[in-house]
Amino acid sequence: TRPDSKDRNSVDLIWFPTGGGKTEAYLGLSAFTIFLRRLRNPHDAGTTVLMRYTLRLLTAQQFQRAASLICACEYIRQSAPNMAKELGGIPISIGLWVGAGVTPNKHQDAVAALTRLYQSPNENRFIVLACPWCGAEMGPVRAGNNWKVKGYRKILKPSRVVFRCEDSNCPFSAESGLPLAVVDEAIYKDPPTLVIGTVDKFAMLPWRPEARSLFGLDHNYSPPELIIQDELHLISGPLGSMVAHYEMAIEALCRVGVDHPPKIIASTATISRADEQIGALYNGRSGFLFSPQGLGGGGSFFARENTTK
């Protein structure tokens with residue numbers, strides 16, 4: 001809430017055992033940040049949160065969870081009495097930015113992939129298998145001896161594929177559809193509020209000048225305010241050295257037109273020498289362990305060790 005706070009210069013490391021709620025913690029923070037920006041300036045849309053993972057499989061799984069949150073945010077925006085005045089007229093959306101190996105790069109690739117899906121239902125490049133809001137099935141399903149594709153709609157002029165729930169009771173079955181993007185071309189044209197990507201995708205920035213839109217450039221939006229790095233312990237060794245180089249560039253892009261750095265949140269279930277790693281990755285920043293340890297080794301403000309089990 002205070003861009004000039006000294007806390008912007010430290011990296012909060014969410015350290016919790018597996019299943020303890022790390023993802024929920026940073027998704028909640030993402031929603032807070034998204035609404036705060038919209039309430040301060042309803043017209044300042046653009047990418048507010050950058051969320052990064054190291055593994056593409058993990059990215060696709062987390063995309064499903066984050067998409068449910070974004071649908072909830074968008075439902076709130078649409079339900080606001082003075083929607084355009086309070087939270088802006090641009091949808092709160094999410095984009096999966098992982099590239100051609102997983103998702104289509106261009107609209108024409110997406111249309112071709114949808115056509116192929118009717119013949120090869122195992123080659124689904126659209127990731128979304130259920131409506132993030134109501135859970136209705138999406139993707140290829142058996143219809144007698146043939147296959148039907150639910151929830152992926154081909155739109156003409158311009159030719160592209162959009163997501164639209166097929167349950168008529170779902171608020172995202174309307175023409176505007178679900179606020180999800182998985183095609184790179186769509187992500188660059190209308191930068192999503194939350195962008196989920198892999199760390200290697202950011203290495204494409206020098207070859208994809210149109211990706212500048214993710215940092216508010218060309219659209220007159222503020223740059224991202226929150227960067228979330230999941231599974232911090234995996235970014236070490238040669239990968240860590242490369243990621244650290246790009247962190248400098250990403251922070252510079254996030255500071256264009258503003259006087260403060262983005263807030264960085266990291267997450268891990270297992271890490272040692274965290275301060276040293278954070279300093280090496282993020283330009284000498286200090287680390288802050290969240291949640292702080294309590295008086296005993298097994299307790300914190302959010303959890304306690306149950307020794308009777």
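**Two crossing helices and two residues**

In this predicted model, helix α1 (residues 22-40) and helix α2 (residues 56-79) have axes that come within 11 Å and cross at roughly 35°. The crossing of α1 and α2 is right-handed. On the α1 side, the contact is formed by Thr23, Glu24, Tyr26, Leu27, Ala31, Ile34, Phe35 and Arg38. The partners on α2 are Gln62, Arg65, Ala66, Leu69, Ile70, Cys73, Ile76 and Arg77. Sorted by class, the residues of this contact comprise 10 nonpolar, 2 polar and 4 charged ones.

Helix α2 may now be considered by itself.

Is Arg37 buried or exposed? Its relative accessibility is 3%, and because buried means under 20%, Arg37 counts as buried. Leaving aside residues up to four places away in sequence, Arg37 touches Asp44, Ala45, Gly46, Thr47 and Thr48, together with Ser222, Pro223, Pro224 and Glu225.

His219 lies in the loop between β9 (194-198) and β10 (226-229). With a relative accessible area of 28%, His219 is partly exposed. Beyond residues up to four places away in sequence, His219 touches Tyr188, Lys189, Pro191 and Ser213. Where does His219 stand in relation to Gln78? The two residues are 141 residues apart along the chain, and their C-alpha atoms are separated by 23 Å.

Definitions and conventions:
Residues numbered from 1 in each chain as written. Predicted model: local features only at pLDDT ≥ 70, side-chain atom pairs only at ≥ 80, totals over all residues. Heavy atoms only, no water. Axes fitted to C-alpha atoms, helices over the stretch in contact; angles between N-to-C directions. Helix = DSSP H or I, 4+ residues; strand = E, 2+ residues; numbered from the N terminus. Left-handed = near helix turned anticlockwise from the far one by under 90°. Contact = heavy atoms within 4.5 Å. Nonpolar A, V, L, I, M, F, W, Y, C, P; charged D, E, K, R; others polar. Buried < 20%, exposed > 50% of the residue type's maximum accessible area, 1.4 Å probe, protein only.
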